[in-house]
Every structure is written in structure tokens, then in C-alpha cells.
Amino acid sequence: MGSSGLTPASGQDADSERPIAVDAAGVVVLGACAGWSLITAAVHGGRPEGVLLAVLAVAAGYAAGRIGGALLPVGAPCAGALAGVGLTVAVPHLAPGPQIATPLGHAGATAAVLTLSAGAACCAAWAARVPAVRFALRLLAAGTAVLAAVLGSATGCVASVAVLLCSLAAGRTRHRGAGLAVLGTVAVLVTGLTWAVAARAVPGGLVTAAEERLTPHRVQLWQDAWHLLRDDAALGIGPGRFGELSTTSAQSLLSDGKPHSAPLQQAAEQGIVGVVLLAAAFGWVLYALWRGPRPTPVALTAGAALTALAAIAAIGNALSFTAVSVGAGLLAGMATARPLVVEPAGTAPDTRSRGAGRTPAW
């Protein structure tokens, strides 16, 4: 009698402690990212404001997403998807001020915002109860791919379609851990390929293909980042200093002073530790999705969108735009929130893959 009476309480305690532990890990990781940027800036006289703004944007977006996802598990991601589409249409370059020429990197930002919008729409679809609403939200996700094609963003079109297909496949996936592991592997492979091209550790034909698809200028920026990393692998050259020390960047009239690859920028400016912290931030998001209370299709859909964003950021300048950082935090927050309303029974979370044998209280 006494034992059976204590079991539910202990289960509820475990449920309440799980999100606290995940959130605490996120605070540690994001705090370390901010702190390390300050350390490297102090050593080399860099400018950490960009990194600090990105960390703040992700944290603020995540907090807002947790609140919105708890109150409106369908409405919040739907509004986020529409906001992303509206932002892309209203601000095509996603950069303030007059534009003399197309700024480098805006295509990556457009692709990233539309990819996150597709992910948010698909997450809303899985949370919806009415089949007609679910179909309309998936149609919105498909519309982001069409919009990307109209705007000339082939990457955004492919990524949005990939997110939609992964979301549909997520409905048949029973173990979210395996699915998130696959997504993490994809991000690692894309990042590794980018590094291999930068280090010229791949056959010449692959480098040529990358130059044809991404322009020789971008590949040269990657190579500059690789050489700067080799000069100081421990601390890097300091945040915000790539444009000063990159020969390719200095010779370009339209350069924005960035290597157009988030991992390579972290490596060049903050050393190996910066890369580890960037990987830890992405790993924490996947861990939060794995341990989160949302249904498995929602978690995997958000994971697919964020993995697509990681791939876009590995070959572009997407994370340099505040709108992208905020959007990533919003999607992660909404996909890990604990809704105040009961979600459709057909999308119950996979408890077996996380070792829980009880029915969640929500």
C-alpha cells in the first residue's frame, strides 16, 4: 500500500525535474558561449558584441517559444510561420539600410527563415486536432517552399521540402532518440564536408564543384578561416576580426568581414573551444527535444528544421542575422514547451524511447 502510494509522486517529481535539468544545461551552454567570446575578445582585442547579441537572441526566442508553446500549441507556431513568411516578403534582403548591391549572405538568411517557417507550420499541424486545419498548415509549409523558389532561393526550397517530408515521416517514427541521432549525424557530416573543402582534404573535383555551386570567393573565405585557425587553434584571432585578417575579405568590395560558415567562423575567431561550444549548443537543443514533453512528431519536425538550419549555417552566413537566431530559439522553445491543454491522443510522445513507463501528466 505504502509503496504504491509513493510511486505516482516519485513519477511526478521526475517529470518536474526533467525540464529543469534541461533548462539548466541550456543556461550553462549559452553562458559558456557568451563567456568564451569575452575571454577571446580580451586576449586579442576582438569585438564580442555580435556573439553576445546572437546568444541573447536565441535565449529570448527560446523563452518566448516556451511561453507561446505552452499557451497556444497550435496558434504560436502558426503565427511564427506566418511571421517568417511575412518577414521574408517584406524585407527581402533581411538587412537594414539601402542596398547598392545584393549583400553577401542574404540568400542564406532567406533560406533559413523560410526553413524555420516550414518547421513551425508542420509543428502546428501535428498539434492541431481538426484534420482540415492540419492539412491547411501543411499546405502553408509547402507554400514556403514555393515562396523560396519564387525568390530564387534553391537552398530554401530544398530545405523546406525536406522539412515537410521529414515531418510526414515523423508520424510513423516510434523512437525519437534514433531520429534525432540521425539528424545530428547529418549536421556533423555537412559541417565536416565544409571543413574538408576548406582544408583541401578532398579530391579537387569536389572543391571545383563547391566553387561552381557556392562561388570561388566563398571557398576562398573558408580557406582563409582554416589558415587563421592553424595560426592560433586555442583562442582564435578574436571575435569580429576575420575581416581584418582575411586576405580574401580585404580584397572584396562587397565583403561583410565574415567567412560565411558558422563553424569556420567560430574556429577562426574563437578557436577549437568556440567550435566545441557551438556544437554543444546544437547538441543541447537536440537533447531538449529528446527529453521534452511534446509528441514525437513535433520533436522530430523541429529537429529536422533546426538541422536544416545548421546545414545552411555551415555553408552560409545565416546565423549572422538576428531574425534567424530569434527564429531558431522560438522553434526550439515551442517544440519543448509543456502545453497547458491536452494534445491529440494520436500524437502522444514516445515514452519507451526515453525509458519512462508511465503516462505523462499533461
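Visitor: Which glycine comes after helix 5, and is its phi positive or negative?

Guide: That's glycine 152, and its phi is positive, near 85°. Helices here are DSSP runs of H or I with at least four residues, strands are E runs with at least two, and numbering starts at the N terminus.

Visitor: Before I go on, what kind of model is this?

Guide: A predicted one: local features need pLDDT of at least 70, side-chain atom pairs count only at pLDDT 80 or more, and totals for chains, interfaces and linings use all residues. Residues are numbered from 1 along each chain as its sequence is written, and side-chain values use heavy atoms, with hydrogens and water left out.

Visitor: OK, how many helices and strands does the protein have?

Guide: There are 14 helices and zero strands. Of the 362 residues, 48% count as buried. Buried is under 20% relative accessible area, exposed is over 50%, and partly exposed is in between, with a 1.4 Å probe and protein chains only.

Visitor: Back to helix 5. How far does helix 5 reach from its first C-alpha to its last?

Guide: Helix 5 runs over residues 131-150, so 20 residues, and reaches 28 Å, close to the 28 Å expected at 1.5 Å a residue. That expected span is 1.5 Å times one less than the number of residues.

Visitor: Which residues of helix 5 are buried?

Guide: Arg134, Leu137, Arg138, Ala141, Thr144, Ala145, Leu147 and Ala148. They cover an arc of only 165° around the axis, which puts them on the same side of helix 5. The arc is taken from the directions from the helix axis to the C-beta atoms. On the other side, Pro131, Ala132, Phe135, Leu139, Val146 and Val150 are exposed.

Visitor: Why would residues a few places apart point the same way?

Guide: An α-helix has 3.6 residues a turn, so residues three or four places apart point the same way.

Visitor: And which residues in helix 6 are buried?

Guide: Gly156, Ala159, Ser160, Val163, Leu164, Ser167 and Ala170 are the buried ones. Their arc around the axis is only 135°, so they sit on the same side of helix 6. Val158 and Leu165 are exposed on the other side. As for length, the 17 residues of helix 6 (154-170) should span 24 Å, and the end C-alpha atoms are 24 Å apart, which agrees.

Visitor: New topic. Where does UniProt place the transmembrane region feature?

Guide: The unreviewed UniProt entry gives several stretches, among them residues 20-43 and 271-290. Positions are in the numbering used here, feature names are shortened, and annotations may be inferred rather than shown by experiment. Residues 20-43 are 100% helix and 0% strand, with end C-alpha atoms 34 Å apart. Residues 271-290 are also 100% helix and 0% strand, and there the end C-alpha atoms lie 29 Å apart.

Visitor: How much space lies in the largest cavity?

Guide: About 50 Å³, and the structure holds one cavity of 30 Å³ or more. On a 1 Å grid over the protein atoms alone, a cavity is a set of points where a 1.4 Å probe fits but cannot get out, and lining residues have an atom within 4 Å of a point. Points are joined across faces, edges and corners, and the volume is the space filled by probe spheres set on them.

Visitor: Which residues line the largest cavity?

Guide: Gly69, Pro73, Pro77, Cys123, Arg294, Val298, Leu331, Met334 and Ala335. Helix 14 (residues 322-336) gives the most, with three residues. By class, the lining has seven nonpolar, one polar and one charged; Ala, Val, Leu, Ile, Met, Phe, Trp, Tyr, Cys and Pro count as nonpolar, Asp, Glu, Lys and Arg as charged, and the others, Gly among them, as polar.

Visitor: Last one: where is serine 261, and is serine 261 buried or exposed?

Guide: Serine 261 is in the loop between helix 11 (247-250) and helix 12 (262-291), and counts as buried at 1% relative accessibility. The C-alpha atoms of serine 261 and glycine 316 are separated by 5.0 Å, though the two are 55 residues apart along the chain.

Definitions and conventions:
1 Å grid on protein atoms, 1.4 Å probe; cavity = no way out; pocket = protein on both sides within 12 Å on 5 of 7 lines; lining within 4 Å.
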